[in-house]
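Please keep the sequence and the 3D view open while reading.

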Amino acid sequence: MATKASTSAARLMMAPAVTLLLGWMLVPLTMTLYFSFADYRPLRGVFEPWIGFDNYARFTSSGSFWDAIWATLIMVGAILAITVTLGILLALLLDKPIFGQGVVRILVIAPFFVMPTVSALVWKNMMMDPVNGVLSHVFRFFGATPFDWLTQAPLTSIILIVSWQWLPFATLILLTAIQSLDGEQLEAAEMDGAPPLKRFWFIILPHLARAITIVILIQTIFLLGIFAEIFVTTQGSFGTRTLTYLVFQRVLESQNVGLGSAGGIIAVILANIVAIFLMRAVGKNLDA
Amino acid sequence: MARAASTRSRIGWTALAWGIGFLMFFPILWTVLTSFKTEAEAIAAPPSFLFFDWTLENYGIVQERSDYMRYLWNSVIIAGGSTLLGIIVAVPAAWAMAFVPGRFTKDILMWMLSTKMLPAVGVLYPIYLICIQLGVLDNRAALIIILMLINLPIIVWMLYTYFKEIPGEILEAARMDGATLKSEILYVLTPMAIPGIASTVLLNFILAWNEAFWTLNLTSVDAAPLTAFIASYSSPEGLFFAKLSAASTMAIAPILILGWFSQKQLVRGLTFGAVK
């Protein structure tokens with residue numbers, strides 16, 4: 001159907017976007033790869049272009065690397081568990097016939113639109129502050145000793161903050177998926193006397209499987225890059241240094257560019273493993 | 001009987017849903033309320049929920065002391081500029097992929113998606129270095145371009161899924177009626193494409209407004225948007241709770257309002273059309 005002229009016009013129309021993205025991807029990534037094999041410490045004026053895999057060896061053999069991997073895994077895993085579980089429950093709740101559904105939905109979704117630096121600071125100061133935080137007031141009200149969240153349970157605190165930010169996303173997507181469920185099937189199951197839990201397990205959950213997969217994959221991509229929330233709360237101390245944050249510190253704070261770049265390449269590889277699965281899930285939909 | 005039970009259960013679900021909605025919204029509500037308190041009232045124990053002397057002084061102080069308007073303006077310029085630029089680059093591309101699909105269209109789309117998954121920290125230093133070399137560290141134009149590039153895959157994808165829904169038969173019908181390519185684009189396609197483009201603009205403006213990796217790492221004073229401005233409050237100095245709240249409220253209010261209009265687009269845009 002497409003003529004030759006329209007095909008070449010189409011190529012021309014795609015060219016700017018493709019060229020820009022290609023440049024954006026290739027140029028800096030090539031530089032990072034190049035630096036990762038160099039001893040490059042600009043503050044000390046050191047630049048040795050080829051030291052083999054030394055940076056990789058040093059980066060992966062340091063204790064902070066494994067701590068960072070561990071912190072990253074716990075953080076991403078916990079946030080995923082919380083947001084997906086609560087997201088399913090909330091989506092089911094919002095799907096019920098409730099009064100003022102539109103308003104409730106707005107209230108639930110709002111945290112997603114709060115910029116990361118604001119949500120981190122609001123939680124740190126307004127909610128979790130050991131003296132003036134709302135949580136401390138609540139603790140005191142019930143006669144418990146207030147708790148210094150960000151020093152005594154830093155990882156949990158950040159998990160809480162980020163879960164609050166991403167729960168709306170999971171809820172919204174799962175709600176969209178639930179609403180596309182065929183109501184007749186559920187009614188038929190109800191008539192046949194299937195109890196709610198069974199209806200959930202055998203009809204709703206399988207229907208949601210795809211949406212859940214997508215939520216998990218997309219959130220993982222974004223969560224691997226959590227930055228601002230750590231930057232304004234703990235600055236990576238007390239076991240909250242994720243891989244992203246560790247690389248940031250090596251590259252910009254201590255300006256050990258070679259070492260940091262090796263870490264950056266490792267982060268790219270890890271993210272790509274997740275990305276492959278996400279692309280499969282999205283790609284399947286593209287034919288339909 | 002059954003009807004009574006269902007009304008009762010509806011009230012029950014409603015109460016539960018409102019309770020949870022309130023809890024989710026509470027940190028935002030509390031921040032907004034605190035922004036209208038005096039610093040002394042902001043740290044009063046036990047805190048007062050609504051019955052305090054409402055004041056606007058914090059907003060004045062924040063503006064006066066930190067030149068809030070400049071950061072706001074930077075946010076508007078950076079988010080708006082990168083969205084506009086992204087649309088200009090992406091519309092032709094998405095258009096071509098939707099209406100003249102070739103053998104590699106799908107591969108190109110998937111590849112674009114894959115660039116979005118590149119962790120920013122992996123290219124942090126090269127971008128930082130390039131900005132220094134070009135003398136554009138802490139520069140709005142540089143941030144506009146960078147944010148445009150990181151959001152470009154989402155823009156192309158969103159537009160593509162919208163354009164894809166425009167039925168091709170309409171084009172053929174217009175052609176049969178003797179429409180030229182120009183009038184075809186102007187009178188047939190554009191009106192049908194506008195809602196999709198508008199949704200894309202909305203979502204990407206929000207994403208760019210809230211972006212907090214590049215804006216934190218590549219700005220200091222001149223080009224710093226609200227994300228960086230708020231981060232400067234991370235080390236408390238004296239009485240600052242009410243002022244922090246006022247600054248936060250101002251930073252999130254415009255985007256909360258826009259966000260409420262964009263719930264549907266959010267799902268489509270951030271799942272790359274996989275969930276609609």
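Helices and strands here are DSSP runs, with a helix (H or I) needing at least four residues and a strand (E) at least two. By that definition, residues 12-33 of chain B are 100% helix and 0% strand, and the end C-alpha atoms of this span lie 29 Å apart. The model is predicted.

**Annotated spans in chain A**

- The unreviewed UniProt entry lists "transmembrane region" at residues 12-37, 68-94, 106-123, 155-178, 199-228 and 257-279 of chain A.
- Residues 12-37 of chain A are 96% helix and 0% strand, with 38 Å between the end C-alpha atoms.

**Annotated spans in chain B**

- For chain B, the unreviewed UniProt entry gives "transmembrane region" at residues 12-33, 71-96, 117-136, 142-163, 184-209 and 240-261.
- Residues 117-136 of chain B are 50% helix and 0% strand, and 25 Å separates the end C-alpha atoms.

**Helix α12 of chain A**

- Helix α12 of chain A covers residues 243-253 and is mostly covered, with eight of its eleven residues buried.
- The buried residues of α12(A) are A:Leu243, A:Thr244, A:Tyr245, A:Leu246, A:Val247, A:Phe248, A:Arg250 and A:Val251.

**Contact between chains A and B**

- Chain A puts 82 residues into the contact and chain B puts in 85 residues.
- On the side of chain A that touches chain B, helix α1 (residues 4-36) of chain A gives the most, with 17 residues.
- That side of chain A is made up of 65 nonpolar residues, 16 polar and one charged.

**The largest nonpolar core**

- The largest nonpolar core has 166 residues, and those touching the most other members are A:Ile173, A:Leu174, B:Ala90, B:Ala94, B:Val156 and B:Leu159.
- Helix α7 (residues 140-164) of chain B supplies the largest share of this core, 18 residues.
- Within chain B, domain 1 (2-57) and domain 2 (66-270) each give at least three residues to this core.
- Leaving out residues up to four places away in sequence, A:Leu174 touches A:Gly87, A:Ile88, A:Ala91, A:Leu208, A:Ala211 and A:Val215.

**Domains of chain B**

- The domain assignment divides chain B into domain 1 (2-57) and domain 2 (66-270).
- The C-alpha centres of domain 1 and domain 2 of chain B lie 33 Å apart.
- Nine residues of domain 1 of chain B are in contact with seven residues of domain 2 of chain B.
- On the side of domain 1 of chain B that touches domain 2 of chain B, the elements giving two or more residues are α1 (2-34) and α2 (39-42) of chain B.
- Of the elements on that side, α1(B) gives the most, with three residues.
- The residues on that side of domain 1 of chain B are three nonpolar, four polar and two charged.

Methods:
Residues are numbered from 1 along each chain as its sequence is written. Chains are lettered from A and ligands numbered from 1 in the order in which they are written. This is a predicted model: local features need pLDDT of at least 70, side-chain atom pairs count only at pLDDT 80 or more; totals for chains, interfaces and linings use all residues. UniProt positions are given in the numbering used here, feature names are shortened, and annotations may be inferred rather than shown by experiment. A residue is buried if 20 or more other C-beta atoms lie within 10 Å of its own, exposed if 12 or fewer, and partly exposed in between; C-beta atoms are placed from the backbone. Two residues are in contact if their C-beta atoms, placed from the backbone, lie within 7 Å. Ala, Val, Leu, Ile, Met, Phe, Trp, Tyr, Cys and Pro count as nonpolar, Asp, Glu, Lys and Arg as charged, and the others, Gly among them, as polar. A nonpolar core is a set of buried Ala, Val, Leu, Ile, Met, Phe, Trp, Tyr and Cys residues joined through C-beta atoms within 7 Å. Domain bounds come from an automatic or database domain assignment.
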